[in-house]
Amino acid sequence: MSEELGPVDIVVIGYPADAPMRGDAAPLLLDLVERGIIRVLDVMFITKEADGTFSGFDARDLAADSVGDFAIFEGASSGLLGDEDLTAAAEEIEPGTSAVMIVYENRWAAPFVAAVRRNGGHLVGTARVGVEDLVAALDAAEAAA
């Protein structure tokens, strides 16, 4: 295992059938990759039919007409995602929608993580604050000031 690995996150982004899919997101993600801020390890696409059945596929043999600008992540498959991940993601999206699941390494944090390990530190836990919670906390702090 490399000592210089950053934390890895998984995001699932849902798209309703009528989503405009203007192609704004993929170039922004690619920019983060090109600048070395993140490294995309896996991309999986999920489709959930109206009857609740679902299917998924890795980022291989992609066609732009089926995945839009996310076709630029062709071949992003490290093997971290499996059937259990597909099932869990499908449970979170509504019937008649699609989603993309992206696994990425936070490369910007790798030197910090390596330094912590060299100094005997270890990860105790992580948490993520949702945008709504952050906005509410900032609004409350501003109101109290």
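Colleague: Which element gives the largest share of the lining of the largest pocket?

Modeller: H4 does, with four residues. Keep in mind that this is a predicted model.

Colleague: Where is H4, and which strand supplies at least two residues of the lining?

Modeller: Helix H4 covers 110-118. The strand is E1, residues 8-16.

Colleague: How much space lies in that pocket?

Modeller: About 490 Å³. The lining has 18 residues, and those closest to the pocket centre are Pro7, Val8, Val113, Leu123 and Thr126.

Colleague: How do the lining residues divide into nonpolar, polar and charged?

Modeller: There are 10 nonpolar residues, five polar and three charged.

Colleague: Switching to asparagine 106. Which strand is that in?

Modeller: Asparagine 106 lies in E4, which spans residues 97-106.

Colleague: Why does asparagine 106 count as buried?

Modeller: Because its relative accessibility is 9%, and buried means under 20%.

Colleague: What is asparagine 106 in contact with, leaving aside neighbours within four places in sequence?

Modeller: Gly6, Pro7, Val8, Asp9, Ile37 and Ile38.

Colleague: Now the whole chain. What order do the elements run in?

Modeller: From the N terminus, β-α-β-β-α-α-β-α-α. That is five helices and four strands.

Colleague: What percentage of the chain is buried?

Modeller: Buried residues are 27% of the 145.

Colleague: And the accessible surface, how much is there?

Modeller: About 9,600 Å², with 56% belonging to carbon and sulfur atoms.

Methods: Residues are numbered from 1 along each chain as its sequence is written. This is a predicted model: local features need pLDDT of at least 70, side-chain atom pairs count only at pLDDT 80 or more; totals for chains, interfaces and linings use all residues. Side-chain values use heavy atoms; hydrogens and water are left out. On a 1 Å grid over the protein atoms alone, a cavity is a set of points where a 1.4 Å probe fits but cannot get out, and a pocket is an open set with protein on both sides within 12 Å along at least five of seven lines; lining residues have an atom within 4 Å of a point. Grid points are joined across faces, edges and corners, and a volume is the space filled by probe spheres set on the points. Ala, Val, Leu, Ile, Met, Phe, Trp, Tyr, Cys and Pro count as nonpolar, Asp, Glu, Lys and Arg as charged, and the others, Gly among them, as polar. Buried means under 20% relative accessible area, exposed over 50%, partly exposed in between (1.4 Å probe, protein chains only). Contact means heavy atoms within 4.5 Å. Accessible areas come from the Shrake-Rupley method with a 1.4 Å probe; for residues, only the protein chains shown count as cover.
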